[in-house]
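Subject: Two-chain model for your files

Hello,

Please find the structure below, followed by notes on what was found in it.

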Amino acid sequence: MEKSSFIKAQNKKDGMFFALMVAVPTIQFFFFYVGVNLNSILLAFKIYNDEGTEFRVNVLENFRKVFSDLVNYPMLKNAITNSLIVAFWTILIGISLALIFSLYINRKFFGSQVFKVILFLPSILSAIIIVKVFTRFVDGAIPEMLEILFNVKIKGLMANPKTVWGTLVFFNLWISFGTPILLYVGAMSSISTSVLEASRIDGASFLQESWFITLPLIWPTISTFVIVGVAGVLTNQFNLYSFFGDAADYRLATMGYWLYCRTIEAGGQVSKYPYIAAVGLLCTLVTLPAVLLVRGLMQKIGPKTE
Amino acid sequence: MRKTNKKILALVLSAACFINCFGLLGCGRRNQDSTDYTKTQITVGIYEGGYGSEWLREAAAIFEEKYKDVELEDGKKGIQFDIDESKNYGGSNVATSLNVMKRDMYFPNSLSAYHTLAKSGAMLEITDIVNEKLTKYNENTSILDKLNDSHKEWYVIENKVYGLPQYECAYVMSYDVDLFYDNLLFYAEDGINFIKNKDDVKSNGPDGIKGTMDDGLPATYDDFFKLCDRMKNKDITPILWPGALQGYINYFMQTLFADYEGIDGCDLHFSFNGNSDSIVTGFDSSGKPIIAKSTAVTPETGNLVFKQAGLYYALKFMKTIVEHEEYYNYTDCFGADLNHLGGQEKYLYSSLLNKPIGMYIDGSYWYNEAKGAIESIMEDPAYAEIQKNRRISIMPLPKATADKVGEKHTLYDVACNACFIWSGIADFKKDIAKEFMQYLFSNDRLANYTKITLSTVPYKYTISDELLAELPYYGQALYKFHQESANFFPMKRNNIMIATPGLADTSCFFQTMSENAPTNDFKNGVSAEEFFGWISDFYTDDVWKKNYYRE
């Protein structure tokens, strides 16, 4: 009896200790994450007066404006189209390339360490530094090198409207490799060596081993990146703000960039926020079922480990 | 042992979350080592960047000395300004976080929410000090008397004032005077040919008056492009602007617009009430705009202002530059690499490195912002002497058409800013804060502001010849330009502008369905006429009445 009451008292003490320790971060989480996001959702249903000092609740007005702008504004339609194109590149092509690089690095083929460093470098340096260096290279160094070496004069790749899109795609792909490769290689290294050795003994080639053993075993990691990629389709800025500020050509703009620029443009004028909040909420309503669908699909179609 | 490990883990995880809270401590006072607690503290928040804080600190030091014996609190003698310089004091931050920041005085970089803040009671009313004649500073005028007429409408709310503009800014074209002389790029007296010798008499320039700062400069757009062609023939790149900041060109086009329309036309553009002599109704077979005389504009038909000829000519000017790729370096002007500092440096070094660039487009504050580049040049013995005597000046803009030559230059002031006193300031500090605010707008302080920041202010003020001689050539030119030009401020206090102050921004000014900056469309082959038409297509009667019109 004495022992059980002692254990109870000890558990109670432990519980109180735990509660006190997590109380502050929990409160912080509720204020700065839940509260802020809840306020953003509620904003979508408000209309402010011009001075931003009073509001009234109007469930549909902001959404009506958004749908009207979707019909009338080529900019918005263009932004959505660009977001989908960017998603194709970053999810389909980006993840595929990241897997290929990871398989290469995992098997320690020639130059794999160099690849590792080059591909992971953008993840450890500041994004703005990478953008500036990259811009200097493609707008300054490449034209100059071509002129000196081959006497060919070209416009900078970011300056030239014909090459800017391809250059942005290349940049965004390159900087997206770091974390996925780290996690894929980590997942691949956790595959039992006996399984791999057995497959090699059975005569499996590198491709067969990758397709039938490695990829199925790291499928959960791949799924995670696909799902996260889908979740970010309509918020991906494509690094446009880092390159161009708020003056990017609208032909390049994505939904994420458009939203960001509108928020900056509001300049603290509260009356402008409800419209932007409505756009954001609509993006969430579109993205959420897409994410759930993709998650279901990935689980269903994914290769089984057995 | 397991329980101990759990506790340690819980501690570590909680500490990791808790560390975020320290971000909140980032707000508040800085430089606590230099705080003198025997003095009453007046806290000031000023935006870090742009015009800097040197002018404010100098004024604060003089004011502290003047009031070193004042006793505002028990046990304290004198005052000390606690000046916090941070990017947190940007306009939109200040507008939304005033009650969190809790500084006594604010000097944000911009404040389009001036009316909102004033009406919410967040700003202390300063009408008394603004109306008081500044006899204590040997002046016979008040701050309000000195304030540009164009600004009064915005800053005076129902006969009360809550904040004051501390600087003005227009986007201008600067040029290298020495380069122009060395290469004979000034127009001769006949206004058609160029000078053959440096001492030749120059043309009257766009304002048509001899002896002003625009003598010898191109009088019309056609003259300007003729000048560009001449520069090109002499292996001088005519123009540079920072490609990473295409928005600067939009601001510059607003200056072109203002210079065409003049104060009256600009007033109409933002009051939406009056008669316009410059509404474009179409284009003739030669592509020239057909301009209707005396078109009535009312708030209900306010969208007509987006057909003002000044808007068309501004677009036309930039389109002509963009389509002549020989006038600029494409990568510099349309790439993402060259930002404002890079552009300033490139321009300043260009003639020193024998790759001369004739003209540069940037904000009127740019020379102060280029301090770093100028210091680098001065540190180089090969260039120091040249830089010391260097003459970079403002180029008063050419007129769109010959019939406009002779009209006064008009600047478009894009700086919607206001410094103010927080209404939550302690009662015992109110009077001294107001006193300081008043001091900042005495003629001496305004003159010193120009001396330190190389920027002008939207007030009628004078700089003595002695002080003017201390300024670099650019500063002298800027002041002279300020004196010779009209300054237009777009923020008006009608219901339409209060509802949508963004109408003064370039985003609304050049608003089309695509929301694209004009130069982005120009480089893709869109003509000025097309773009001008798109602006009208955006501001249809229905759209105007639904989204912008207010009674």
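Which residues does B:Gln344 touch, not counting residues up to four places away in sequence? They are B:Tyr360, B:Asp362, B:Trp366, B:Glu369 and B:Ala370, where a contact means heavy atoms within 4.5 Å.

Before the rest, some conventions. This is a predicted model, in which local features need pLDDT of at least 70 and side-chain atom pairs count only at pLDDT 80 or more, while totals for chains, interfaces and linings use all residues. Residues are numbered from 1 along each chain as its sequence is written, chains are lettered from A and ligands numbered from 1 in the order in which they are written, and side-chain values use heavy atoms, with hydrogens and water left out.

B:Gln344 is part of helix α13 (residues 340-350) of chain B; helices (H or I, at least four residues) and strands (E, at least two) are DSSP runs, numbered from the N terminus. With 0% relative accessibility, B:Gln344 counts as buried. Buried means under 20% relative accessible area, exposed over 50%, and partly exposed in between (1.4 Å probe, protein chains only).

B:Asp259 sits in helix α10 (residues 247-271) of chain B. B:Asp259 is also counted as buried, at 5% relative accessibility. Leaving out residues up to four places away in sequence, B:Asp259 touches B:Leu397, B:Pro398, B:Lys399, B:Lys408, B:His409 and B:Thr410. B:Lys404 is 145 residues from B:Asp259 along the chain, and their C-alpha atoms are separated by 9.6 Å.

A sheet in chain B

Chain B has an open sheet of 5 strands, in the order β2-β1-β3-β16-β6, with mixed pairing. Two strands pair if DSSP finds at least two bridges between them. At the edges are β2 (79-86) and β6 (163-164) of chain B, each of which pairs on one side only. Strands β1 (residues 40-47) and β3 (residues 105-107) of chain B run parallel and are joined by 3 bridges. Across from B:Ile46 stands B:Phe107 in β3(B).

Chain B overall

Chain B contains 25 helices and 17 strands. Its radius of gyration is 26 Å, close to the 24 Å that the globule rule gives for 551 residues, so chain B is as compact as a globular protein of that length. The radius is taken over C-alpha atoms, and the globule rule is 2.2 Å times the number of residues to the power 0.38. Of the 551 residues of chain B, 58% are buried. In chain B, 72% of the contacts with a separation of 6 or more are between residues 24 or more positions apart.

Chain A overall

Chain A has 13 helices and 2 strands. The radius of gyration of chain A is 25 Å, well over the 19 Å from the globule rule for 306 residues, so chain A is more spread out than a compact globule. Along its principal axes, the C-alpha trace of chain A spans about 95 × 75 × 35 Å. Of the 306 residues of chain A, 39% count as buried. For contacts in chain A with a separation of 6 or more, residues 24 or more positions apart account for 64%.

Regards
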